[in-house]
Amino acid sequence: MYEAGYKYARGGLSFNLAAFYSDYKNLQLSTRLPNGITTTLNAAGAKIYGADADFSAHLSDALILRLGGAYTHSKYVEFTGAPRYDPLPAGGNVLTTMDASGNPLIRTPKFTGTAQLTYERPIGNGRISTTGSLYYNSGFAWTPDNRVRQGDYVLLNGQIAWSPDDDHYRISLWGKN
């Protein structure tokens, strides 16, 4: 595994950038068989490379903006004997095997991104903050044969919180999508 990056922070601004490369040998993968038993398979080799970045800015004493994103390229270099579930006409699936070499790794989206805005103000003997965040995922495969996929999706979350000046606890109300 290799990673190189750059970090900058000054005057309420911060920026981080990293590029990475991973070359896996004897990668193992857990999968569930049609009878419900979980087994571990040897996916042999895989490569992952990409980059991620995040940015934070204090736009004022009360307002903070955070942005982030990541690009990931992944593939099984060698994965013969990968499980493949072929649908049966009458319903259900039959388990066969295939060569998944060249397919992307399971649960590995090509792109993810985040945006968050936080507003904080003193109130009484404490501090109140409201935060809204947005998350994007470009989708991924759940299985090595890429037949079962999660499409792209967006999550929107919000929170309002109060904490006393001594920071011993925090009370919050939040909603997650």
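Which residue forms a salt bridge with Arg 84, and how far apart are the closest N and O atoms? Asp 86 does, and those atoms lie 2.8 Å apart. A salt bridge here is a side-chain nitrogen of Lys or Arg within 4 Å of a carboxyl oxygen of Asp or Glu.

The model is predicted: local features need pLDDT of at least 70, side-chain atom pairs count only at pLDDT 80 or more, and totals for chains, interfaces and linings use all residues. Residues are numbered from 1 along each chain as its sequence is written, and side-chain values use heavy atoms, with hydrogens and water left out.

**Overall build**

- The protein chain holds 12 strands and 0 helices. Helices (H or I, at least four residues) and strands (E, at least two) are DSSP runs, numbered from the N terminus.
- The radius of gyration is 22 Å, well over the 16 Å that the globule rule gives for 177 residues, so the chain is more spread out than a compact globule. That radius is taken over C-alpha atoms, and the globule rule is 2.2 Å times the number of residues to the power 0.38.
- The C-alpha trace spans about 65 × 40 × 25 Å along its principal axes.
- Of the 177 residues, 28% count as buried. Buried means under 20% relative accessible area, exposed means over 50%, and partly exposed lies in between (1.4 Å probe, protein chains only).
- Accessible surface totals about 11300 Å², and carbon and sulfur atoms hold 56% of it. Areas come from the Shrake-Rupley method with a 1.4 Å probe; for residues, only the protein chains shown count as cover.
- Among contacts with a separation of 6 or more, 50% join residues 24 or more positions apart. Contact means heavy atoms within 4.5 Å.

**Salt bridges**

- The whole structure contains 3 salt bridges.
- Side chains of opposite charge can pair when their charged atoms come close.
- In the pair with Asp 86, Arg 84 is partly exposed, at 35% relative accessible area.
- Asp 23 and Lys 25 meet through their side chains at 3.2 Å, N to O. Asp 23 is partly exposed at 34% relative accessibility, while Lys 25 is exposed at 62%.
- Arg 127 and Glu 120 form a salt bridge at 3.6 Å, N to O. Both ends are partly exposed: Arg 127 has a relative accessible area of 33%, and Glu 120 has 27%.

**Nonpolar surface patch**

- Tyr 6, Tyr 8, Leu 13, Phe 15 and Leu 17 make up a nonpolar patch on the surface. Together they have about 430 Å² of accessible area.
- Patches are made of residues with over 30% relative accessible area and no salt bridge; like charges are joined within 9 Å, and nonpolar side chains (Val, Leu, Ile, Met, Phe, Trp, Tyr) within 5 Å.
- Strands S1 (2-10) and S2 (13-32) each supply at least two patch residues. S2 gives the most, with 3 residues.
- Phe 15 sits in strand S2. Phe 15 is partly exposed, with a relative accessible area of 30%.

- Ser 129 lies in strand S8 (residues 126-137). Ser 129 is buried, at 6% relative accessibility.
- Leaving out residues up to four places away in sequence, Ser 129 touches Thr 118, Tyr 119, Glu 120, Gln 159, Ile 160, Ala 161 and Arg 170. One of these, Glu 120, is the salt-bridge partner of Arg 127.
- Asn 103 is in the loop between strand S6 (93-99) and strand S7 (111-123). Asn 103 counts as buried, at 17% relative accessibility.
- The Asn 103 side chain reaches the backbone oxygen of Pro 144 at 2.9 Å.
- With residues up to four places away in sequence left out, Asn 103 touches residues including Ser 74, Tyr 76, Met 98, Pro 144 and Asn 146.

**Backbone with positive phi**

- Most residues other than glycine have a negative phi.
- Asn 26 has a positive phi, near 55°. Asn 26 belongs to strand S2 and is exposed, at 58% relative accessibility.
- Arg 107 also has a positive phi, near 55°. Arg 107 lies in the loop between S6 and S7.

Terms used: Polar contact = N/O pair within 3.5 Å; in protein donor to acceptor, adjacent residues only side chain to side chain.
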